[in-house]
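Hi,

Here is the structure I promised to pass on. Have a look at it first, and then read on for what turned up.

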Amino acid sequence: MNSPSKPATQGDVAKAAGVSTATVSRVINQPKSVRTGVRLRVQEAIVELQYVADAAARALASKRSRCIGAVIPTLANAIFADGIEAFESELNQASLSLMLTTSGYDSQHELTQVRTLIERGVDAVMLVGLDHDPLIYALLEQRKIPYVLTWAYSSDCPHPCVGFNNYEAAKLIPLHLTTLGHQQFAIISGISTGNDRASDRLKGMEHALFAQGITLAQGAVIECNYSIEAGRAACRQLLTLSTPPTAILCSNDVLATGALLECQASNIEVPGSVSITGFDDLAISANLTPSLTTMHIPFKLMGQRAAQYLIDRLAGATPQAQQQLEVELRLRHSTAPPKPV
């Protein structure tokens with residue numbers, strides 16, 4: 001075994017495994033292209049010799065860093081977890097790594113983060129949402145860096161996107177509640193400024209209610225940060241309206257969880273006195289009491305397809321640029337017809 005003062009080389013691995021250095025390179029960069037027996041032999045030699053590939057040398061030779069950059073709004077919101085995990089897993093299977101950073105819902109900070117990723121030499125970039133500073137697109141296109149937009153979809157989007165239509169999806173939830181007989185509504189939304197997903201969901205809910213002849217009362221729409229505490233505070237405020245809502249629409253499950261907890265703390269029955277809905281279908285939502293009616297979003301599939309789009313682009317292919325994913329309204333126990341007046 002090589003001593004710690006003399007790191008193993010690719011040639012050392014090739015000699016130990018009885019293969020060529022080209023085969024070792026393929027095992028590292030394209031493992032699926034190597035026969036199972038040979039691949040395992042090389043991988044055992046890599047472990048035995050404690051070999052670590054020289055990323056800088058590989059990047060210089062191939063003009064590729066084999067690293068994909070991603071900018072998401074925040075790490076504090078659970079809705080990004082499953083999608084990013086699936087995105088990274090798909091990249092790893094193609095021997096690509098992920099460099100993840102956050103924008104804080106700030107478009108200028110997002111631009112700064114994208115510049116940093118480009119300076120670090122990433123091969124491609126994933127962004128969240130459809131609205132971004134035009135300079136971001138200019139920088140990426142100027143350097144011929146593939147990119148994909150996620151968590152949103154529009155048929156007329158001029159950029160590659162893998163996601164769902166937040167506006168159309170949000171319209172389905174109030175329609176379910178009006179079918180149950182609700183007429184008094186309120187909405188707890190994420191802050192829509194600088195967040196096209198939150199804005200589209202809020203518009204979708206409002207427009208669906210308006211189409212049913214329902215006008216929201218003054219003070220019946222509250223925008224707040226995505227946290228359980230903010231959801232509780234918003235719900236507490238809505239319940240003090242002169243005509244309290246019989247249905248509260250929340251633009252994500254975190255806010256809906258806060259609203260549900262506030263009702264329970266105030267001895268207000270859900271769905272007996274008020275129905276509550278969410279959006280995203282987090283893992284906890286089906287396990288709340290009552291379980292939460294919400295819009296299921298296929299985050300894992302979205303992450304996988306977004307990663308595959310970039311993998312295909314880097315391989316020189318031309319995959320479908322706009323990919324819309326289907327959503328599904330999951331009806332559970334937090335919604336019911338309103339009490340008769």
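I284 sits in the loop between β9 (275-277) and β10 (294-296); helices (H or I, at least four residues) and strands (E, at least two) are DSSP runs, numbered from the N terminus. T257 is 27 residues away from I284 along the chain, and their C-alpha atoms are 9.1 Å apart.

A word on the source: this is a predicted model, in which local features need pLDDT of at least 70 and side-chain atom pairs count only at pLDDT 80 or more, while totals for chains, interfaces and linings use all residues. Residues are numbered from 1 along each chain as its sequence is written, and side-chain values use heavy atoms, with hydrogens and water left out.

Now the overall picture. The chain has twelve helices and twelve strands, and its C-alpha atoms fill a box of roughly 85 × 40 × 35 Å along the principal axes. Of its 341 residues, 49% count as buried. Among contacts (heavy atoms within 4.5 Å) with a separation of 6 or more, 69% join residues 24 or more positions apart.

Next, the inside. Beyond its neighbours within four places in sequence, M126 is in contact with residues including G69, F87, W151 and L310.

Finally, have a look at helix α7 (residues 134-142), where I136, Y137, L139 and L140 are buried. These four lie on the same side of α7 because they cover an arc of only 160 degrees around the axis, the arc being that of the directions from the helix axis to the C-beta atoms. Their cover includes α6 (107-119), β3 and β4 (147-150). On the face turned away from the buried side, α7 carries the exposed residues P134 and Q142.

Conventions:
Buried means under 20% relative accessible area, exposed over 50%, partly exposed in between (1.4 Å probe, protein chains only).
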